[in-house]
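My entries follow in the order in which I looked things up.

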Amino acid sequence: MSDIHGCYDEFLKLLELIKYNPANDQLILLGDYLDRGPRSKETLSEVMSLVDEGAIALRGNHDQMFYDWIQIDNERNDLHFFRNGGYATITSYVGNGWFKEIGYDNDLVKKAKRLIQDHDQAHLEFIEKLPYFYENEDYIFVHAGINPKLKNWKLTDEQDFMWIRDQFLFNDHTHNHTIVHGHTPNTLIHKSNDIYIGNNKIGIDGSCAYGGQLNCLEITMDSIKMHHVMSKNKL
Ligand SMILES: [Mn+2]
């Protein structure tokens with residue numbers, strides 16, 4: 001699964017739908033747990049519990065943006081985070097009544113940072129340790145993609161693992177692995193929120209936080225199955 005973006009209810013519903021059982025299944029989450037959707041904090045807490053039970057969670061650009069926003073005081077950066085779905089993340093951590101008026105308030109944003117640092121250090125430490133990719137014999141799992149020009153894809157720039165789009169999406173790669181990724185909404189790849197299966201690439205971002213769907217790609221010994229739940233987020 002990928003790009004949950006605070007869609008906590010859909011996340012739980014999808015885990016139920018696929019009858020996820022940590023004793024038999026390897027759950028792999030491709031990042032972007034936070035921002036845009038209504039329940040970022042609960043989503044990240046759930047991801048942390050799932051990792052304790054054996055799930056693998058990777059690092060997305062939004063997870064990194066939240067982490068950087070907390071660590072670095074920079075007004076331009078703060079405003080950028082706030083506008084790119086961060087508003088929903090901040091209120092999920094400090095409460096819906098935090099911002100009394102609609103709009104950016106530098107002082108309240110800074111205070112929210114300190115509050116989150118004081119109360120949710122475990123979340124920040126969790127994000128700090130998230131890996132950029134996971135590979136097995138047949139697949140590479142990554143948030144955004146790899147640099148397709150490199151012979152050794154593991155040398156892909158850390159920013160590219162989290163952010164790459166066109167260069168990865170519109171160029172074939174030469175590796176034997178199939179690359180499973182999120183990050184770019186599937187509507188931009190094949191005009192549908194359904195899972196996209198391409199040339200050794202599988203895109204699974206169904207734009208749940210934009211009113212689409214949350215996808216799960218299930219890989220078994222001899223087949224691939226697709227599951228999804230529809231978003232509750234009507235925009
Ligand atoms: Mn992303």
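I began with the manganese ion, which in this predicted model is coordinated by Asp32 (OD), Asn61 (OD1), His143 (NE2) and His183 (ND1), at 2.1 to 2.3 Å. Donors here are N, O and S atoms within 2.8 Å of the metal (3.2 Å for Na, K and Ca), and since water is not among the atoms, sites may look incomplete. I noted the sequence spacing of the donor residues as D-x28-N-x81-H-x39-H. Asn61 sits in helix H3 and His143 in the loop between strand E4 (139–142) and helix H7 (158–163), so this pair ties together parts that are 82 residues apart in sequence. Both Asn61 and His143 are buried, a term that stands for under 20% relative accessible area, with exposed over 50% and partly exposed in between (1.4 Å probe, protein chains only).

On sources, I kept in mind that residues are numbered from 1 along each chain as its sequence is written, and that side-chain values use heavy atoms, with hydrogens and water left out. Because the model is predicted, local features need pLDDT of at least 70 and side-chain atom pairs count only at pLDDT 80 or more, while totals for chains, interfaces and linings use all residues.

Nine of the 11 residues of H3 are buried, so the helix is largely enclosed by the rest of the structure. Its cover includes helix H4 (75–94), H5, helix H6 (121–128) and H7.

I then looked up how H3 (residues 61–71) meets H5 (residues 106–119), and found them packed at an angle of about 105°, with their axes 9 Å apart. That makes H3 roughly perpendicular to H5, the class for angles of 65 to 115 degrees. The contact (heavy atoms within 4.5 Å) is made by Phe66, Trp69 and Ile70 of H3 with Val109, Lys113, Arg114, Ile116 and Gln117 of H5.

His5, in the segment before H1, has phi near 45° and is buried at a relative accessible area of 6%. Ser207 has a positive phi of about 55°, lies in the loop between strand E7 (201–203) and E8, and is buried at 9% relative accessible area.

Key. Axes are lines fitted to C-alpha atoms, for helices over the stretch in contact, and angles run from 0 to 180 degrees between N-to-C directions. Helices (H or I, at least four residues) and strands (E, at least two) are DSSP runs, numbered from the N terminus. Angles under 35 degrees count as roughly parallel, over 145 as roughly antiparallel, 65 to 115 as roughly perpendicular and the rest as oblique.
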